[in-house]
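Student: I'd like to learn how to read this one feature by feature. Where do we begin?

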Amino acid sequence: MGHIRGGSMKDKVAIIGVGATKFGELWEKNQYDLLMDSTNEAFKDAGLSNPQEEIDAIWVGMQYYFTGLSGATAADAIKIYGKPATHVENYCASGMDAFRNACFAVASGKEDIVLACGVEKLLDEGSSGLPGFKEMGHPVLPLPSAPAMFCFAASRSFKEYGWTKEDLARVAVKNHDNGFYHPKAHFRKKITIEDVMEAPMIADPLGRYDCCAMSDGSAALVITTPEIADTFTNHASDYVTVKANALSVHTNTPWYKPSYSFVGFPSTQEAAQAAYKEAGITAKDISFAEVHDCFTITEMVNYQDLGFIPPGTANEWLKNGGPNWDGEKPVNPSGGLKCFGHPIGATGCRMLYEVTRQLQNRAEGRQVKDPVYGLAHNLGGAFTVASVTVLGHKD
Amino acid sequence: MVGIRSYSVYVPAFKLERKKIAEAWDFPVAPGTITVTNQDEDSLTMGIAAALECLEAEKIDSKEIDAIYFCSTTAPYTEKQNAATIANVLDLREDCLTADIMDSTRAATIALRSAFDSIAAGKAKNVLVVAADKRYAEPLSMYEYMYGDGAAAILVSEDDGIARINGYHSVNYELVGPWRKEGDLNVRSFEGKIETNYGYIQNTLKAIKGVMEKFELSSDSIKRAAYFCLDPRSYGAIASALKLNPKNLAENLFLEHGNTGTALAFQLLIGALEKKPSLKPEDNVIFANYGDGADAFYLQTTDKLRDVTKAHASFSKKLGQRIEMRNYNDYLKYRYLVKTKVPFVRKSSNVTMWRDAKMLNQMWGFKCNKCGVVQYPLMMKNCIECGSQDIEPMKLQRKGTIYTYSLDHLINCEYAQTPVPRCVIDLEGGGRILLDMTDCDPHQVHIDMPIEMTYRKIHEGGNFMNYYWKCKPALEEKKSEQKEAE
């Protein structure tokens, strides 16, 4: 555990409006359409009358160059010109990191009302796996596919903890069961353990149903100070505030680090501990979580890294229904990346959208019971970048 | 005195039964197998495998090498020296002579002659001769039965080694056949009888007779003979003409291996030296090669032969460990003989490849002087564990065991075989590395599996050859051989 910084933005930032597009194969929409849809919903939710005037600054999360470069992609989409607009790229945590940076602007007093959003237009590059690897990295040093990277954790966990492919399958079945009820989820289909076990292999032991969807989509949040939030009538009584916001970045290439265990991701562990400290809570206090289940194995590792359960027990927790929607600590009541979809740059904002609505008791899918603290967790790269945000009710 | 100090044979991982070629084209069935490279191999990578083993088997310091010759008719580069790449991977001295000797299956023995001459003249002490070929036969022709892929290396030195080279005799000869013109992929031939009788048989006989006369050797005195084999029948005809005892003839490799072009003569010689019953010290050996003329050498074994051959993984054992190709389609796929969808070509930069050459080719990593952790690659010059910049570059070992792995179906480069095992490996002596596995059954991969590294073609991004290491299952050969010896 490294040094945990002392500062805090607890209760300095309020979320007053959220919006998200449906996630899925949105062939007919481009990135501008998606951003316009998600931000329109967020502006309406916040009750902004003239967003071009009222929004002071924009942070937009995008991972791929073909989705867009620079903050101008968002400025163009919503025609807010002449103001700060910044593109944030931090792998799959791009969206939540855009939100984190937007929070700084509000918490510092520099800006009043800020837009944090994310978008990805994956399907324009085809639907078979994440595109763009040929453009990346060193000419010959090996670069596994995203599922293969996470398989390093699966193979190792199978060996050390005795987990099986069937344990992984329980994650997929649970998340599809949740996503079935969410009108904006990519897939709205329940699946069985057998479906998962018999699906074609993507990267052994991960089959098709162990991998999240390749989706298009966008999500957006309007944030401001609690003082200003009190003046917006739509959510003056039920706006949520940021309790903690942490980012931890490790190496791009954990396979060159001799001490790396592959059964836990230090980036998640450290971001979680920093967030709990900032919020003044422990993992026990988290009512529910939207976690980064890019692959089924990732969700199992996350339970442990986030401190929900002890290392090595994710399989038992799943069997006992702990992370179920009506379980001890619901995880991914939205359906998660697995079922809701994973347009990279949008996902972090989409999780915060979901957590906000859950806390406000207006979840569109399965509403968890009486939540107090909701956690959102993004993990990107080769377990490189982890972002953890804790949201809760206004004071 | 000049002698052979070390040697090695490289046998690619795959074999194709001739029966499967016959099935594909409705040809008369022929027995045996041909040896086929994986899709990530070329003459250069095979040559490097042979060269590395040649030095490592005898624990020879690569800095001792004064000259290296790379001999092939199928070198990946026609402009840009291939031997320079081998010299870099082997970490040879900067003043080591590097040369490619090309364009004839006789290239290997032309280089051997040159090595002999420079050592005899006192101009060099250790000369490494590497021969490799991956030749393409005309599809839908019986030449597909003939050719195999392979490599061999011979280290010639100033002492007698395992076999003293006493001298040679050479002839040159003009005959068009077989040939390849600039841009031809497949070896061409016109009239096989002329090529066999006037080219192969007559020239090989002339060279061997020349060296026998020079050293006054009778046929009876020759305890073993190894010479290029065009086909088993004419190979036997040469032995008859020379009145050699057929028992003393090297196995011609035609049945199991195929004609490996430039590498064949060395492979036959190595097979002859390893052949049972074992040769005794001071036994006479005749060795010859053919291609636009012929070279013949007179060798005499020494008392070191027995120990050295024991220390090497034997040729016959390597042949026995090849993986059977499922069908002829695999052969087409591995050799890029069918047009598939546009291959996924990774970007490259010869600037990056040049700057990183030591790290990529010679496996330089470093040891942290603060926390002691050995690591790879030497790309960021500070410790991944503790951040210290107090580091000491070191060359890492090319063997290890798998820490974790995945079998990747989502490939982002050229692979004929999928899934691709992506292996996180703990190297012997320290360092952790990520490597693709090749030459394997992916479903046999497991944690703690011992591996060894092999230099392969990764892709041709940037329109040049991008080479790097992969891993393959470790050959347990030496251990089992030692057990046999005990």
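Tutor: With a term: a residue is buried if 20 or more other C-beta atoms lie within 10 Å of its own, exposed if 12 or fewer, and partly exposed in between, with C-beta atoms placed from the backbone. Helices (H or I, at least four residues) and strands (E, at least two) are DSSP runs, numbered from the N terminus. Bookkeeping next: residues are numbered from 1 along each chain as its sequence is written, while chains are lettered from A and ligands numbered from 1 in the order in which they are written. The model is predicted, so local features need pLDDT of at least 70 and side-chain atom pairs count only at pLDDT 80 or more, though totals for chains, interfaces and linings use all residues.

Student: Okay, which residues of α6(A) are buried?

Tutor: Asp167(A), Leu168(A), Ala169(A), Arg170(A), Val171(A), Ala172(A), Val173(A), Lys174(A), Asn175(A), His176(A), Asn178(A) and Gly179(A).

Student: What covers the buried residues of α6(A)?

Tutor: Contact means that C-beta atoms, placed from the backbone, lie within 7 Å. The cover includes α5 (146-161), α7 (193-198), α10 (296-305), α11 (314-319) and α12 (336-340), which belong to chain A.

Student: How do I judge the overall size of chain A?

Tutor: Take the radius of gyration over C-alpha atoms and hold it against the globule rule, 2.2 Å times the number of residues to the power 0.38. For 395 residues a compact globule would come out near 21 Å, and the 19 Å of chain A agrees with that. The C-alpha trace spans about 55 × 45 × 40 Å along its principal axes. Chain A holds 13 helices and 11 strands, and 63% of its residues are buried.

Student: And how do I read the place where the chains touch?

Tutor: Count who takes part: 29 residues from chain A and 36 residues from chain B. On the chain A side, α5 and β5 (201-204) each give two or more residues, and α5(A) has the largest share, with seven. By class, that side has 17 nonpolar, six polar and six charged residues. Here Ala, Val, Leu, Ile, Met, Phe, Trp, Tyr, Cys and Pro count as nonpolar, Asp, Glu, Lys and Arg as charged, and the others, Gly among them, as polar.

Student: How does strand pairing work?

Tutor: Strands of a sheet pair through backbone hydrogen bonds, either parallel or antiparallel. Two strands count as paired if DSSP finds at least two bridges between them.

Student: Which strands form the open sheet in chain B?

Tutor: β14-β13-β15, in that order, with antiparallel pairing. Its edge strands, β14 (374-375) and β15 (391-395), each pair on one side only. Five bridges link β13 (residues 364-368) to β15(B), with Phe366(B) bridged to Pro393(B).

Student: Last one: what about cores?

Tutor: In soluble globular proteins, nonpolar side chains tend to be buried together. A nonpolar core is a set of buried Ala, Val, Leu, Ile, Met, Phe, Trp, Tyr and Cys residues joined through C-beta atoms within 7 Å. The largest has 267 residues, and Leu221(A), Ala50(B), Ile68(B), Val129(B) and Val130(B) have the most contacts inside it. A second, separate core of 13 residues includes Ile21(B), Tyr145(B), Tyr147(B) and Met325(B).

How values were computed: Two residues are in contact if their C-beta atoms, placed from the backbone, lie within 7 Å.
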